[in-house]
Amino acid sequence: GSENDKTIFYTALYHTLIHPNTLNDFNGEYPEIKTGKTGKTTGTRYTVFSLWDTYRNLHQLMSLVYPQQQSDMIKSMLDMYDENGWLPKWELNSTETFTMVGDPASIVITDTYLKGIQDFDVQKAYKAMLKSADQLENNPLRPGLKDYIEKGYLTTENGGSVSTTLEYNAADYAIALLAKELGKKDDYMRFYNRSISYRKLFDKELKLLRPRLSNGDWYEPFNPNDGANFSENVGFIEGNAWQYAFMVPQNINGLIKLMGGNKAFTNQLQKVFDTNQFDMANEPDIAYPFLFNYVKGEEWRSQNLVQELVRKHFKNTPDGIPGNDDTGTMSAWLVYSMMGFYPIAPGEPKYAITKSLFDKITIQLDSKYYKNSELVIEKETNANGQIHQILLDGKKHHGYFINHDDLVNGNNLKIILK
């Protein structure tokens with residue numbers, strides 16, 4: 001890559017390492033949440049968990065490149081649960097702000113555990129996740145939970161009803177995955193079924209998700225464009241119906257069926273970009289450029305789009321990031337995009353593969369967690385071409401997704417362009 005590309009890449013990598021940041025003093029002491037006591041850690045107590053943002057990609061990057069720090073972040077979350085009675089939602093300097101929507105800590109914990117970083121109390125973590133997922137009364141993590149469990153969605157009586165439903169779906173899917181890993185089959189089925197309830201908000205005519213009233217009727221009048229650029233609307237948080245239409249990473253194949261098949265899905269997704277509804281500066285649609293990988297024969301769209309978005313929105317200038325970096329989330333998106341793979345479904349240990357912007361990338365792996373000392377990603381031939389073949393340790397890799405275990409247990413991922 002060029003010097004300019006390297007500058008942009010390493011600037012982004014630096015940004016991903018600013019938060020979460022160390023809270024404890026040199027001797028391990030730190031202020032606990034809520035208790036007023038001084039706690040003490042033998043590891044690192046982290047703070048500033050902007051989890052609505054960072055559950056999507058930042059913690060996945062930590063797990064890959066800095067697993068010891070990610071492990072300490074999970075332990076910090078569990079200590080917060082001990083002190084405060086809840087997993088963190090948006091913790092800031094030992095104060096739980098309960099801002100934004102969803103239950104993102106569950107997603108981060110599952111994602112970390114399924115990537116083989118398991119040196120924390122997973123039973124305690126699972127118990128904490130169930131508390132936030134099931135406690136109907138006085139639940140600061142999941143307001144509106146009663147409606148969600150009974151109807152499958154939050155109604156317009158709850159702010160940001162569609163957005164919040166999707167966030168609860170994503171968290172429930174993560175809980176289902178961890179339940180399956182721990183051999184809890186009944187919990188797995190219960191939470192998996194909860195995780196696909198977004199379907200009840202799908203408007204077949206518009207092929208968009210739409211808010212419903214408490215009686216089940218669609219909210220009227222409904223304009224799918226309302227809510228863009230942080231403007232007010234009903235049903236959505238920091239976005240509009242287009243920017244949330246595909247935010248079901250746990251069930252994209254189900255969404256494809258709802259939309260009427262591969263062609264209808266591809267057309268609707270492409271429309272987000274063609275009509276300038278895609279918002280690079282915020283999180284809800286941050287994974288959309290990679291979703292074409294789910295449709296055989298359309299993967300080239302993801303390859304082109306990601307490269308275009310990197311070039312358009314990230315520059316070696318003082319205003320070189322689109323909007324707020326959200327404690328490293330935008331920068332983590334860029335680091336992954338420039339490397340040519342992306343954690344497509346938070347909680348699920350897999351990546352979507354696109355084109356790297358560099359000819360060769362070497363990732364040092366932590367031997368405490370991964371058996372190989374490094375992973376090399378190489379790109380061959382025409383920089384403007386499409387992916388022709390993917391090789392993992394010299395063997396042909398089928399498809400445009402790769403599991404985390406396969407990636408870190410391989411020594412060499414080679415992308416051949418044509």
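The chain has 15 helices and 17 strands, where helices (H or I, at least four residues) and strands (E, at least two) are DSSP runs numbered from the N terminus. This is a predicted model, in which local features need pLDDT of at least 70 and side-chain atom pairs count only at pLDDT 80 or more, while totals for chains, interfaces and linings use all residues. Residues are numbered from 1 along each chain as its sequence is written, and side-chain values use heavy atoms, with hydrogens and water left out.

Because the chain has 418 residues, a compact globule would have a radius of gyration near 22 Å, and the 21 Å of the chain agrees with this; the radius is taken over C-alpha atoms, and the globule rule is 2.2 Å times the number of residues to the power 0.38. Of the 418 residues, 60% are buried, meaning under 20% relative accessible area with a 1.4 Å probe, protein chains only. Among contacts (heavy atoms within 4.5 Å) with a separation of 6 or more, 65% are between residues 24 or more positions apart.

Strand S10 (residues 341-342) pairs with S11 in the antiparallel sense over two bridges, pairing being counted if DSSP finds at least two bridges between two strands. Here Tyr342 stands opposite Ala352 of S11. Strand S16 (residues 401-403) also runs antiparallel to S11, joined by three bridges, and Ile402 in S16 is the bridge partner of Tyr351.

Note on methods: Buried < 20%, exposed > 50% of the residue type's maximum accessible area, 1.4 Å probe, protein only.
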